Amino acid sequence: MPPYAFFKKQFMPLGEAKIGILTHALHYGTACFEGIRGNWNEEQKQLFLFRVKDHYERLLKSCRILKINLPYSVDELCKFTTDLVEKSGYREDVYIRPLAYKSSEVVGVRLHDLEDDFLIIVATLAAYLNADAGVRCCTSSWRRVDDTMIPARGKITGIYVNSALAKTEANERGFDEAILLNHDGHVSEGSGENIFFVLDSKLVTPPSSDNILLGVTRDTVIQLARNELGIETVEASVDRTELYIADEVFFTGTAAHISPVLEIDHRPVGNGKIGKVTKELQRLYFDVIKGKNPKYLHWCTLAYSKLVQTRRS
Ligand SMILES: Cc1ncc(COP(=O)(O)O)c(C=O)c1O
C-alpha cells in the first residue's frame, strides 16, 4: 500500500503530489502547518489520533495571521485526516502534517493577492527527543522571534528557521535541545517544544505573551496536572536561572511528547534524574494518547472504522 497524500482536494499516492518550483511558500516561508500524532494501540488494533480538532483550530488561527483562506471547516479537515490515515493503513505510530500555503507561482514578497492551497501527508516519525532517558540542553545564543517580527503564536513555516538555527547550534555543541530566550531575556520555549518546571511542588510555564506556540500538549499537561494530580500550573515569565534551581524541568510537544530535561548549561536539574511529577505526567499522558484512559477518550479520534486487516510492507 503506497503512502497517500491529500493534495489539490483529493487523495493520491504521495509520489504523485508535486508542487512547482516557483511556489510562493517555498521561497518566502509563507505557509502554516500542524503536527498531529496518531498513536497505535496494539491491544485494540487501532490508531488514536490525538486532539485533531484542537490542532485544526490552531491551524485556522495561523491561517488568519498569514491571510490564508482555507475553505474548509474544522470538521471537514478532521474528516480528510481520518480518511487519509485510514487509507494509508499504518499499524504503528504516525505523524500527520497538514500544511496550508501560499501556492501562487510568482515572485514577490507579500501576503495579499496570492492563491492558497492545502495538503496533508502522513508518515512514521522516529522518537524526536529521548523521552525515556531525558535530554541535555543549553540556552541558545539565538533569541526567540518576537510577536513584532514573526508571531510565534502562529505555527508558520518561516519561523522554523529560528528553531533550526537554535537546534543545530545545540546539537553541534553536543546538546540534545536548545532553550530559547526572548528579547527581554525570559525563557520562551525549546526549538519545537514548550517548557515547564517544577519548584516546591508548583508547576510553572511561560505565558502565551512570551512568544511561545500555545501547544496542544502544553494544554494537555495543564489539564492532567490539575485533574489527576491536583497541581495547578502557574503561567508566568520565567528567568533562565529559575530553571537552574528547579526540582524538575520538562518539554512538551506532539513530536517530543513529555521529555524530561536532566541538564541545562552543564548544571544537573534537581538530582539529575527524572523527577516524580514528570514521571507521573508521562504515565498519564502515554495512556491518554493511546486511548487507554476512558475519561479522556473525547480527545482521541479513531482512524479505523473497522479492525485493521492490512499490514504495511
Ligand atoms: C516551537 C514549538 N513550540 C511548541 C510546540 C508544541 O506544540 P504541540 O504540543 O501543539 O505540538 C511545537 C510543536 O508543534 C513547536 O514547534
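Glu 169 touches Ser 140, Ser 141 and Trp 142, not counting residues up to four places away in sequence. Contact here means heavy atoms within 4.5 Å. A word on ground rules: this is a predicted model, where local features need pLDDT of at least 70, side-chain atom pairs count only at pLDDT 80 or more, and totals for chains, interfaces and linings use all residues. Residues are numbered from 1 along each chain as its sequence is written, and side-chain values use heavy atoms, with hydrogens and water left out.

Back to Glu 169. Where is Glu 169 found? In helix H4, residues 160–172. Helices (H or I, at least four residues) and strands (E, at least two) are DSSP runs, numbered from the N terminus. Glu 169 is buried, because its relative accessible area is 17%. The cut-offs are these: buried is under 20% relative accessible area, exposed is over 50%, and partly exposed is in between, with a 1.4 Å probe and protein chains only. The C-alpha atoms of Glu 169 and Cys 138 are separated by 9.4 Å, and the two residues are 31 apart along the chain.

Now the partner, Ser 140. Ser 140 sits in strand E8. Its relative accessibility is 7%, so Ser 140 counts as buried. Its side chain makes a polar contact with the side chain of Glu 169, at 3.2 Å. For a polar contact, take a pair of N or O atoms within 3.5 Å; within protein, one must be able to donate a hydrogen and the other to accept it, and residues adjacent in sequence count only if both atoms are side-chain atoms. A polar atom of the Ser 140 side chain also lies 2.9 Å from the backbone nitrogen of Trp 142. Leaving aside neighbours within four places in sequence, Ser 140 is in contact with Ala 166, Glu 169, Ala 178, Ile 179 and Leu 180.

Next, Trp 142. Trp 142 lies in strand E8, residues 135–143. Buried or exposed, or in between? Trp 142 is partly exposed, because its relative accessible area is 37%. Together with Val 161 and Leu 165, Trp 142 makes a nonpolar surface patch of about 270 Å². Patches are built from residues with over 30% relative accessible area and no salt bridge; like charges are joined within 9 Å, nonpolar side chains (Val, Leu, Ile, Met, Phe, Trp, Tyr) within 5 Å. The areas come from the Shrake-Rupley method with a 1.4 Å probe; for residues, only the protein chains shown count as cover.

On to salt bridges. How many does the structure hold? There are 19. The criterion is a side-chain nitrogen of Lys or Arg within 4 Å of a carboxyl oxygen of Asp or Glu.

One of them joins Lys 102 and Asp 116, with the closest N and O atoms 3.0 Å apart. This pair links distant parts of the chain: Lys 102 is in strand E6 (residues 94–102), Asp 116 in strand E7 (residues 116–123), 14 residues apart. Lys 102 is buried, at 1% relative accessible area. Asp 116 is partly exposed, at 23%.

Another is Glu 228 with Lys 295, closest N and O atoms 2.7 Å apart. Glu 228 lies in helix H5 (residues 216–229) and Lys 295 in the loop between helix H7 (276–289) and strand E17 (300–302), so this bridge ties together parts that are 67 residues apart in sequence. Glu 228 is partly exposed at 30%, and Lys 295 is partly exposed at 48%.

Arg 153 and Asp 147 also meet in a salt bridge, 3.8 Å from N to O. And Arg 51, Asp 54 and Asp 219 are linked in a network of salt bridges.

Asn 194 counts as buried because its relative accessibility is 5%. Its side chain makes a polar contact with the side chain of Glu 189, at 3.2 Å. The Asn 194 side chain also reaches the backbone nitrogen of Gly 215, at 3.2 Å.

Last, confidence. pLDDT is the predictor's confidence in each residue, from 0 to 100. The protein chain averages 95, and 97% of the residues score at least 70. Over residues 308–313 the pLDDT is below 50; beyond near neighbours in sequence, that stretch has 13 contacts in the model. Where pLDDT is low, the predicted coordinates should not be read in detail.
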